[in-house]
Protein chains: 2
Amino acid sequence: MSLGLGVDRGSPVPLYFQLAEQLRTAIEQGRLAPGMLLGNEIAFAARLGLSRPTVRQALRTLVDQGLLVRRKGVGTRVVPAAAAAGAAPRPALTSLHDELDAAGRHPATRVLHDAVVAAPAEVAEALGVEEGAEVRRLERLRLADGEPLAVLRSHLPLRGPLPPAADLEATGLFRLLRAAGVVPHSARQRIGARGATRSEARLLDETEGAPLLTLRRVVVDAAGRAVEHADHAVRPTRWSLDQRLLAPE
Amino acid sequence: MSLGLGVDRGSPVPLYFQLAEQLRTAIEQGRLAPGMLLGNEIAFAARLGLSRPTVRQALRTLVDQGLLVRRKGVGTRVVPAAAAAGAAPRPALTSLHDELDAAGRHPATRVLHDAVVAAPAEVAEALGVEEGAEVRRLERLRLADGEPLAVLRSHLPLRGPLPPAADLEATGLFRLLRAAGVVPHSARQRIGARGATRSEARLLDETEGAPLLTLRRVVVDAAGRAVEHADHAVRPTRWSLDQRLLAPE
DNA sequence: CATGTCCGTTTGACCGGACATACGGTTTCA
DNA sequence: TGAAACCGTATGTCCGGTCAAACGGACATG
């Protein structure tokens, strides 16, 4: 095979994970061409000194990510386009702040509004609190490289110690929540578009009615408690969603 | 447990799949409350007359879908919010036509343009053909319940028998491609927004500059060959993207 | 009273093997 | 010559078991 495949049993990193990572980089670097590869899981496992379940676990993660395709009676093939598509795992619940950070676009935040208000009907239902119950309303302006990027409107349930407003200008909301022990688990997200309101236009340096990308999401933690109800409006000329989709079987 | 759990060994449906489906419906119907459930995989497996790996395979699919959370030394818990979020598997590469169909919104299509043209630079690169090579350019107007919904612009590589234009008015492009033996495998998608051009506005019954949701995707098949380069513009007042996101570990 | 340690429990990782099923090419038969 | 039957091969499913790692509470210690 001449690929530098081989696992380190001394490492605390699970064997299946080591193997998956090595295969992924091999695919992305083009050292693994399309065609019948990795032929025969059993022989492959024997060559690596691993058991078949372990090898299968590694292959499965790559199949889940669309890098490999398995067919019964044939074998496991590499999807060549995966290399071009780059390392894009499943669409994940990410933080806009961290995303900008990772892209090297220097995020910054200005807190426009931060107060406890009575929950509007829609927010109350999404957060699982009674209508009119007190929630924290947060409105922020997110900038990237100094340019206005998005208006972020959030409603948070009043639970536990809340992050001080000052910190919100320094880092992202998700990171503060996580530091406070609130771990986001999953979210429902609706993506749409609409024209900018007058105030949004002023904040975002756009004209009234200019097209904005909208993200409405409800984030919950592992216990099922609502963490955040967000309603964001983003300048589509400065940011867009990039996703990788897999066809269902 | 008093849940109607039990697998049918006579069925051709895999045991782990039967179990996963039963657990999923139990969760969605609220028959499985949060708290420590399914306690102890080993006992659970014994109770069902299955082996632990089989049970774990069932649990894993549900964990992947965000319905369960496992913690070492604690157990496997049900995520209650999942019930509210509904049965939403990972974001999949779906067809707009089929999506409307499933929602009972009676999709229809008008072919506005269908011709072989020289590939523009961007399209050529995305499709993996040389710039200026011949590709099929397709422009369609998609309607839902008789109302204009989106302008669909596609570029298809000239390969194999192409679906006749007449069929395009009757059904979706994906279904025709699949019938022709071209199976979509994965796609990269970019979601944005912009103002409607004059011609789009006329087609969609909007005003010029009205905000539109844009989808740009490159679809590839399992062999890595590009299947379609699409550039769609959708009326956000009539349709929006609904997704369910999972937090990474 | 606070802190650190031990320990039972539960999932995580890994191994070996067995049989079923689907695919693709070959061989055989009409 | 064409189509049907056959067979090798690969993944899919399922089983049994072992050891490690992490969590949470009880216990002992300073």
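A salt bridge is a side-chain nitrogen of Lys or Arg within 4 Å of a carboxyl oxygen of Asp or Glu. Keep that rule in mind as we walk through this predicted model, in which local features need pLDDT of at least 70, side-chain atom pairs count only at pLDDT 80 or more, and totals for chains, interfaces and linings use all residues. Residues are numbered from 1 along each chain as its sequence is written, chains are lettered from A and ligands numbered from 1 in the order in which they are written, and side-chain values use heavy atoms, leaving out hydrogens and water.

| Salt bridge | N to O distance |
|---|---|
| Glu21(A) and Arg24(A) | 2.8 Å |
| Asp242(B) and Arg190(A) | 3.2 Å |

Glu21(A) and Arg24(A) sit 3 residues apart in helix H1 (residues 15-28) of chain A, about one turn of the helix. Helices (H or I, at least four residues) and strands (E, at least two) are DSSP runs, numbered from the N terminus.

Now to the sheet. Strands of a sheet pair through backbone hydrogen bonds, either parallel or antiparallel. Two strands count as paired if DSSP finds at least two bridges between them. In this model, 7 strands form an open sheet with antiparallel pairing, in the order S4(A)-S5(A)-S6(A)-S9(A)-S8(A)-S7(A)-S10(B). Strand S4 (107-118) of chain A and strand S10 (241-246) of chain B stand at the edges with a single partner strand each, so one side of each has no neighbour in the sheet.

Within chain A, strand S6 (residues 147-157) and strand S9 (residues 226-234) pair in the antiparallel sense over 6 bridges. One bridge joins Leu152(A) to His232(A) in S9(A).

How many bridges link S7(A) and S10(B)? These strands pair in the antiparallel sense over 6 bridges, and Arg188(A) stands opposite Arg244(B) in S10(B).

Counting contact as heavy atoms within 4.5 Å, 44 residues from chain A and 44 residues from chain B take part. The buried area, meaning the accessible area (1.4 Å probe) that two parts lose on being put together, summed over both, is about 4,000 Å² between chain A and chain B, with carbon and sulfur atoms giving 53%.
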